[in-house]
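Hi,

Here is the structure I promised to pass on. Have a look at it first, and then read on for what turned up in it.

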Amino acid sequence: MGKSYERHAQEPGLSAAGDPKDVDINDEAAFVAEISRLLSNTYDSIDRLEDIMRRSHGIDLSVSELNLIEVVGRTTFHTEETISVSDIARALDIKAPSATTAVNRLVRKGFVEKGRDPKDARRVNVSLTRCGERVFRLHAVFNRHMSEEVSLGLTNPERRVLLDGIRRLEHFYAEAQRAQREKLEGIPARKGGIS
């Protein structure tokens with residue numbers, strides 16, 4: 001990898017065992033085990049760091065609420081674009097009633113607001129409040145710093161490999177979610193729990 005990785009491998013608390021040179025990439029089991037370990041640790045670290053950041057800024061939001069704010073902000077923040085509850089449901093890959101419930105919860109918490117679309121009174125648009133904009137900016141800065149750190153010192157071919165790998169990971173998770181949702185929706189609900 002680049003200089004950034006070498007710098008981090010030297011830092012206290014980080015193991016040199018995580019060095020890619022220590023993993024025999026020809027040993028499929030070792031390679032897959034290392035990827036699994038890294039993904040799990042990375043997910044846990046991001047989750048904990050985001051939780052610490054939210055608490056340190058006095059933000060009482062769940063990860064799913066933060067994701068909804070990000071979807072609204074990406075579409076509407078400093079743009080003339082609008083986003084409806086249906087658009088949010090599609091972007092988050094959830095059902096419209098679930099999106100409505102989530103939006104209403106964020107309205108009560110003061111992070112988003114709803115309003116009728118001036119061009120189509122049947123459409124309800126969602127936008128960020130000042131508090132929602134603050135959260136969106138904090139989250140965007142966190143994501144930008146994370147992305148910059150991951151790509152620091154990489155050559156263009158290494159950046160391409162990184163993007164391809166992350167896109168494959170995104171596709172894998174999206175397909176796994178879809179398959180699990182279809183599986184759950186295909187299982188009839190049983191009275192009295194599991195039998």
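How many cavities of 30 Å³ or more does a search of the whole structure find? The search finds one. A cavity here is a set of points, on a 1 Å grid over the protein atoms alone, where a 1.4 Å probe fits but cannot get out. Grid points are joined across faces, edges and corners, and the volume is the space filled by probe spheres set on the points.

Before the details, a word on what you have. This is a predicted model, where local features need pLDDT of at least 70 and side-chain atom pairs count only at pLDDT 80 or more, while totals for chains, interfaces and linings use all residues. Residues are numbered from 1 along each chain as its sequence is written, and side-chain values use heavy atoms, with hydrogens and water left out.

Back to the cavity. Its volume is about 100 Å³, and the lining consists of E50, M53, R54, H57, I59, L66, V135, L138, H139 and F142; a lining residue has an atom within 4 Å of a point. Helices α2 (28-56) and α6 each supply at least two of the lining residues, and the largest share, four residues, comes from α6. By class the lining has six nonpolar, two polar and two charged residues, with Ala, Val, Leu, Ile, Met, Phe, Trp, Tyr, Cys and Pro counted as nonpolar, Asp, Glu, Lys and Arg as charged, and the others, Gly among them, as polar.

Now the overall fold. The chain has seven helices and two strands, in the order α-α-α-α-α-β-β-α-α from the N terminus on. Helices (H or I, at least four residues) and strands (E, at least two) are DSSP runs, numbered from the N terminus. Of the 195 residues in the chain, 23% are buried (under 20% relative accessible area; exposed is over 50%, partly exposed in between, with a 1.4 Å probe and protein chains only). Among contacts (heavy atoms within 4.5 Å) between residues at least 6 apart in sequence, 48% join residues at least 24 apart.

The largest nonpolar core has 22 residues, and L61, I69, I88 and V126 have the most contacts inside it. Such a core is a set of buried Ala, Val, Leu, Ile, Met, Phe, Trp, Tyr and Cys residues joined through side-chain atoms within 4.5 Å. At least two core residues come from each of α3 (63-76), α4 (85-92), α5 (96-109), β2 (124-128) and α6 (130-151), and α3 gives the largest share, five residues. Not counting residues up to four places away in sequence, I69 touches L61, L106, F111, L128, G132, V135 and F136.

A few local points to look at:

- H78, in the loop between α3 and α4, is not a glycine but has a positive phi of about 60 degrees. It counts as exposed, at 73% relative accessibility.
- D93, in the loop between α4 and α5, also isn't a glycine and has a positive phi, near 60 degrees. It counts as partly exposed, at 39%.
- S151 lies in α6 and counts as buried at 16% relative accessibility. Leaving aside neighbours within four places in sequence, S151 is in contact with R159 and L162.

Cheers

How values were computed:
On a 1 Å grid over the protein atoms alone, a cavity is a set of points where a 1.4 Å probe fits but cannot get out, and a pocket is an open set with protein on both sides within 12 Å along at least five of seven lines; lining residues have an atom within 4 Å of a point.
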